[in-house]
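Welcome, and please get your viewer ready. We will go from one selection to the next and see what is there.

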Amino acid sequence: MKHSAFFWFVLPSAAAMLLFIFFPTVSIIVQSFHVEHEQVIIEVENCGPFGCQTATAIDQEATAALREEQPLGRFAGLEVYKDRNHLAVNEFGELWAQSDGIGDFIGDLMNLPFYKALGFTLTYTFVVTPLTIVFGFIIAVAVNSAARLFRGPLIFFTLLPNIVTPLIGGLILFWMVDARGVIGTALRWLADDPSLSVKADTGLMWTMLMVYGVWSSAPFAFIVYYAGLQTVSKDTLEAARIDGATRWQQIRHVVIPHLLPLTTFIALIQLMDNFRVFEPIISFNAQAHATSLSWAIFNDLGGETRQLSSAAATSVLTVIGVAILLSPVLVRTYRSYGKA
Amino acid sequence: MKLKQILLAGSFLVTASATTAMAADCGISNGRLSIIGNEFPAIQTVGAAAQSCEGLADAKANLTADHQTINLPGMQGNPAEYTTAIVANSSIVALINEDVIRPLDDLIAAHGADIPKNQLITINGNVMAVAFMANAQHLLYRQDVLEEIGVEPPKTYEELLAAAQMIREKGIMENPVGGAFAAGWNLAQEFTNMYLGHGGEFYKPGTAEVAVNNEQGVATLEMLKALSEYMNPDYLTHDSNATSAEWEAGNVALMNMWGSRSGRLMDAEGSTPEVYENTVVGAPMTVGGGDKAASTLWWDGWTVAKNISDADAEATFLAMKQATSPAILNDETMGQAVWMIEGYEPAPVNDGVFSAISMGTIPYPMLPQHGLLHTALGDNIADFLQGKESAEQTLADVEAAYTAAAKEKGFVN
Amino acid sequence: MASKAQRRPLALQIVLLATLVIWMIAAAFPFFWTLWGSFKVEADFFSLTNWDNALTGEMTRVETGGAFTNNGYYGAWIQEEFWRAAWNSTLVCLFVVSVSLTLGTLGGYALARSTYRYAFWFLLIALIFRALPPITLVSGYLPVFFDLNIWGYLPTAIIVLVAINQPFTLWMLHSFFKNIPAELDESAMVDGCTRFQAFRHVIIPVMWPGVITTGLFSFLLAYNDFAVTAMILDKQNQTMVPKIASFLGTTQTKGNVMFAVAAVVSATAPLFVLIMFFQRQIVSGLTAGAVKG
């Protein structure tokens, strides 16, 4: 395709992405290298309906003057990335020096906010992604084996967990999973433990969040695999059967290789989305037990004082994390790009 | 069905304002009004009343739970999108820090001489906001349960723990204490209340350097832990909604709850008569033998934006003054909040907040850097309550988290 | 149909059936529970005293005199004017899908037909763009939008949603277009068409299965979006999901959870119609393209 034709075709799309993704990304990266100017603090008397108190306030004129000169703030280089709320370079070094063993070190490291979030995020990503793929495949095979008559409703109900908005889906499950709710009671009965409560235990909460993750993402894997199963070459299957292959061998040697590019696609999207897990933690009020990188960003931006540089730094670290995670898949795609 | 009436009244007020069926004369000749605020029924009443003023060139209100994220960017433009922000003592700080609201002294001198002095919020000598409602957390108790164990309503947290122990031993309730201990904002708020009750100071005097890792801090954490032993084991996921639900289900007999929520807990909807008829409002409690209540006072008030024309500012001032004047009080609106307006008749449900005021409860700190400490507390206290760390370690973590954030915002070096 | 050689052994059939049944229960049960519960009061559906109150409707009888009530629906739709949010959602989804697909088909076609490496890098960068958490992007937009006076309006939200979803749209569409043989438009160009004319006359008639599938994913992204619409839209212009979130109340005031539950059921119902209607298209669309991509 000629360069000029290519340019004009992608121009509208590229312009939209440039304006709304690229420029904000650049501004976020720039923001992450700056911190606010030193606030000039003065002591003041505040009076209100409940009396007067001495308090501190910011000297507006002095601060405004500083801001006029340098609107972005003070250049801080990588300071924000290295501080305790992010990569915690100093604390990391101290802990490394003084801990007794790897277990001890990891335990202490998880006390630092970024690593705590990273720990859950990585666990979530590496547990939910393969399970989503496996369950999606199993459900696709099962639905594919059902009578044609039922397929419509089966497909709809299977897609439900994915199409309902996570905020509310999570909230409803949160109440059902409560120790006195319907699922909570069922769990107590199953485990034969009358004091079992998912919300009171960190391990169970992590498990619940991951179960929720698989439950809501499996439908996406299902629909892609289901479509793939429709196009498995019947001739190849027939040939394999004639050659004496068992059902399992047929699946292993014909179906699964055919679905491999799909698996790559699902893995790509899932790795990216699971690494940015966020809504379940809000819906389940789970932040005492589990935090994630996206949640940390939300926390920085949600308080009364918005920590923009901190949120920007965590965002950049998230993107770097995603890039690292995706690199094997992307390398494979790069190699096969010309061939497809 | 009082609740339904209130809601219907609220929505009627909102829709009515659009048709200006209740137009009022506020003395405005021209100007723009654009409100940003939270979406309590009380604030909806105020918003509707302000919009019904005659003579406004443009009257809008955006009342949403996300107002804190939107109000600052919305007022930084020139001209600002919003001409007034309805804020509380915690959220006014963000606006003052960025210098987007204007001092009201000249407008008060010209048009607002009759606003009662105790409604004026003065910061560094300038009036920055006009408060119109108050809120606080205080005790809520089940009087039938306390009668059953033969105990007076507790005045201190130590008495509350003793009562809880008795309730558990008598087998009336397994987890009789309730509290919004959800990790995050709620838990940090509970810490703030308890720490102030112990007489603690948050910062080194005159600076923004944090100082919570001390004996009051440790005592606060110990007390929170002691309380949590009598709570439902899921307490770290329980925000105000979940805690209120526990109350209405009859699972809890003693609770520290927001005054603004007491009304809904005492109405006939959502619980059995045994629960709602025996729900009684008490005063905030003290702790550790101190004389300050272990609670904080909150006010909600309106401000006027800086980056707007003087005509708009004047129109906004007059409209908001009208909207928080005795003219808005009637049967329906009276019960929506603890109004700081003349002519307000408190109901028994408001006793808690009034006790808080008369006990001289400390208002929530209106300091520029306090939001950072609140977030740091909310993120770290859960570790202590789950038994993962010692109290001193937790407080050290809080201080380290705060210091890193404060350095980034320029409050410490 | 299935030949004797293809018929499955009984054991396998039982396993497959059991899997289906278990999954159907897991997927559908929470929603049937919610549908049933949306006609009860909060004290029943979220009951902490007895979980089967949601089934029997005890408190509903006490509070409203009947086992079922439509208070939730009345409150959400009439009182809180949820119909406005539903209309806003319809507008947003309609425009997001059409604009997204227009930009995406053009871009996806070019990316599929280009033989240069820079096409791959373009896709890769688009993918990395998708990795940025939306909440960070949105907080960056706020000061700019307020300055330009475009905050709070539906067209702004539509353009933002289109732009943020472009990476996913481009990826899906480019693999669909890869499966349309290049000979089709090559021969049209040999016959004298420009690239755009070839696209318009040859490709557009055959691209529909892939486009419908991508359109459906775009629709779902716009329908369920929360991060962008919650921050960018004025209260009047809110779409359904942020409106539902606003029913949940704040720390200091109680909200109306049953309004949210009723609204969720109402918001899911149109999706039922959509999926039932389009399920064959989704599958054939995925079959036609992405499957091999």
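**Stop one: chains B and C**

Start by selecting chains B and C together: 42 residues of chain B are in contact with 27 residues of chain C, contact meaning heavy atoms within 4.5 Å. Before going further, note that this is a predicted model, in which local features need pLDDT of at least 70 and side-chain atom pairs count only at pLDDT 80 or more, while totals for chains, interfaces and linings use all residues. Residues are numbered from 1 along each chain as its sequence is written, chains are lettered from A and ligands numbered from 1 in the order in which they are written, and side-chain values use heavy atoms, with hydrogens and water left out.

Chain B and chain C bury about 3,000 Å² between them, 54% of it from carbon and sulfur atoms; buried area is the accessible area (1.4 Å probe) that two parts lose on being put together, summed over both. Now pick B:Pro73, B:Arg261 and B:Arg264, which supply 15% of the area that chain B buries against chain C, more than any other three residues.

Next, show the side chains of B:Glu39 and C:Lys235. They meet in a salt bridge, at 2.9 Å from N to O; the rule asks for a side-chain nitrogen of Lys or Arg within 4 Å of a carboxyl oxygen of Asp or Glu. This interface has one salt bridge by that rule. By class, the side of chain B that touches chain C has 15 nonpolar, 18 polar and nine charged residues. Here Ala, Val, Leu, Ile, Met, Phe, Trp, Tyr, Cys and Pro count as nonpolar, Asp, Glu, Lys and Arg as charged, and the others, Gly among them, as polar.

**Stop two: chains C and A**

Which residue of chain A forms a salt bridge with C:Arg130? Select A:Asp273: the closest N and O atoms of the pair are 3.2 Å apart. Helices (H or I, at least four residues) and strands (E, at least two) are DSSP runs, numbered from the N terminus.

**Stop three: inside chain A**

Select A:Asp178 and A:Lys199, a salt bridge whose closest N and O atoms are 2.8 Å apart. A:Asp178 sits in the loop between helix 8 (166–177) and helix 9 (182–191) of chain A, and A:Lys199 in the loop between helix 9 and helix 10 (202–230), so the pair ties together parts that are 21 residues apart in sequence. Over all chains, the count comes to 23 salt bridges.

**Last stop: two backbone details**

Most residues other than glycine have a negative phi, and most peptide bonds are trans. With that in mind, go to A:Asn285, which has a positive phi of about 50° although it is not a glycine. A:Asn285 is in the loop between helix 14 (279–283) and helix 15 (293–302) of chain A.

Finally, centre on B:Pro79, in the loop between helix 3 and strand 3 (84–88) of chain B. The peptide bond from B:Asn78 to B:Pro79 is cis, with omega near 5°.
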